[in-house]
Amino acid sequence: MKPLELINAIKAGEMDAKLKAVYVTEEFVEQQKPRYVMLLEEFEKLFGGDRDVIITSAPGRTEICGNHTDHNNGKVLAASINLDAIGVVAKSAEPTVRVKSVGHAMNVVDITKLVPDEAQYGNSTEMVRGVISKINDWGYEIGGFDAVTTSDVMGGSGLSSSAAFEVLIGTTVSYLYNEGKISAVEIAKAAQYAENAFFGKPCGLLDQMASSVGTFVTIDFESTEEPVIKKVDFDFSKSGHSLCIIDTGGSHSDLTDDYAAVREEMESVAKAMGKRVLREIPFEDFRAAVPSLMGKVNDRAILRAFHFYNENLRVDKAVSALENGDFEAFKKVICSSGLSSYMYNQNVFSPSNPTEQKLSVALCISQELLEGKGAYRVHGGGFAGTIQAFVPNEILAEYKAAMEAVFGEGKCYVLIIRPVGGTRVI
């Protein structure tokens, strides 16, 4: 359909079923309609209204358990959320991809030139180039396209705005040129490759996989080539709790060294024991080696290794609790995960700026309000940004008001778990 035809169809309610398949509730569907119409109008202004378009979406993600385990081939529990990146897209006859994100400069990629350039690290255009490069390497069809995108996944929030953008690009190529046949796992791997090799950020695979696959999902990265992915059968809407993400402020843009140090220090322990990553070493062997590791690696590396092993066990316990419908047990696991991240993984504030501890303040207030009732933990990569809380619905208004009194109005996001990952919506 042409942009104007889609605008009229959305306004008439003809696309409600398609939107509800992604956004679940009528309330969220109604919230999305003006956003979709706005983006279609932007596409028409920028690229014209004479081509058929599709609309693709990729969600942000929330890490439920498994903090900083994926990069050492560990286990994670994550879920897709209702905040997402969406794109209005049309094929182009030229070998050029143009992506105009609302509020940002246009990304222009010549798809005949798909090689990384270290001089371009940190440039969002290279995310686009990297995703298309990996898809091309695998032998899938690629081609030019024009796209206008927007995202309500807050940057620096720990909800993976960059992963949502990368997965959106991969999903778009899949539906535009490959009949949607590129698997969610492949799209996630292409997105991670783009961020590592083209954008220059040493991330693991969790963010991209959770965005691409969707819903509650547990992922075992023991084999990064063939990660074991399992959707978890749990209806969160019946738990009596709400999922809150509290944006405490601060950006992740200057924390790359802090993130990299977590991975490097865990791997330094593995290398001292003759292996590549911690997952290759049984916990019993690591524990027996701790005396000999003292002095070979730094002390924080040993603490972070302890966190890794115990966090893997917590993921299994959290999944089991959800599958058994035992939300009280689940909350205890989440609190234990948060405590370990604070004490042992030490990613609640940046050691380069130890007096700025907004995450710590948010966790302190959460403990005051939720201890024995809910659960709370650092969210995502940490060091700045967001915390996560599971809040009993009967005290949700009180909790939200307390958080926003400290961090500002609108900074406590009450979210839903979305049932699909990267997808063509319309």
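Predicted model: local features only at pLDDT ≥ 70, side-chain atom pairs only at ≥ 80, totals over all residues.
**The α2/α3 pair.** Select helix α2, residues 16-23, together with helix α3, residues 26-47. Their axes come within 9 Å and cross at roughly 115°; angles from 65 to 115 degrees count as roughly perpendicular, and α2 and α3 are therefore roughly perpendicular to each other. The crossing is right-handed. To display the contact, pick D16, L19, K20 and Y23 on α2, then E26, F28, V29, E30, Q32, K33, R35 and Y36 on α3. Coloured by class, the contact of α2 with α3 shows 5 nonpolar, 1 polar and 6 charged residues.

**The largest nonpolar core.** Next, select L77, I132, F145, F216, F330 and F390, which touch the most other members of the largest nonpolar core, a set of 57 residues. Helix α5, residues 161-177, supplies the largest share of this core, with 8 residues. Then centre the view on I132: apart from neighbours within four places in sequence, I132 contacts V97, I111, L114, I142, F145, I169 and V173.

**A second core.** Now move to V53, I55, V148 and V425, which are among the 25 residues of a second, separate core.

**The loop residue V297.** Finally, select V297, located in the loop between α9 (283-293) and α10 (299-323). Is V297 buried or exposed? V297 counts as buried because its relative accessibility is 9%, and buried means under 20%. Beyond neighbours within four places in sequence, the residues in contact with V297 are S268, V269, A272 and I302. A distance label drawn from V297 to D254, C-alpha to C-alpha, reads 25 Å, for a separation of 43 residues in sequence.

Terms used. Residues numbered from 1 in each chain as written. Heavy atoms only, no water. Axes fitted to C-alpha atoms, helices over the stretch in contact; angles between N-to-C directions. Helix = DSSP H or I, 4+ residues; strand = E, 2+ residues; numbered from the N terminus. Parallel < 35°, antiparallel > 145°, perpendicular 65-115°, else oblique. Left-handed = near helix turned anticlockwise from the far one by under 90°. Contact = heavy atoms within 4.5 Å. Nonpolar A, V, L, I, M, F, W, Y, C, P; charged D, E, K, R; others polar. Core = buried A, V, L, I, M, F, W, Y, C linked by side-chain atoms within 4.5 Å. Buried < 20%, exposed > 50% of the residue type's maximum accessible area, 1.4 Å probe, protein only.
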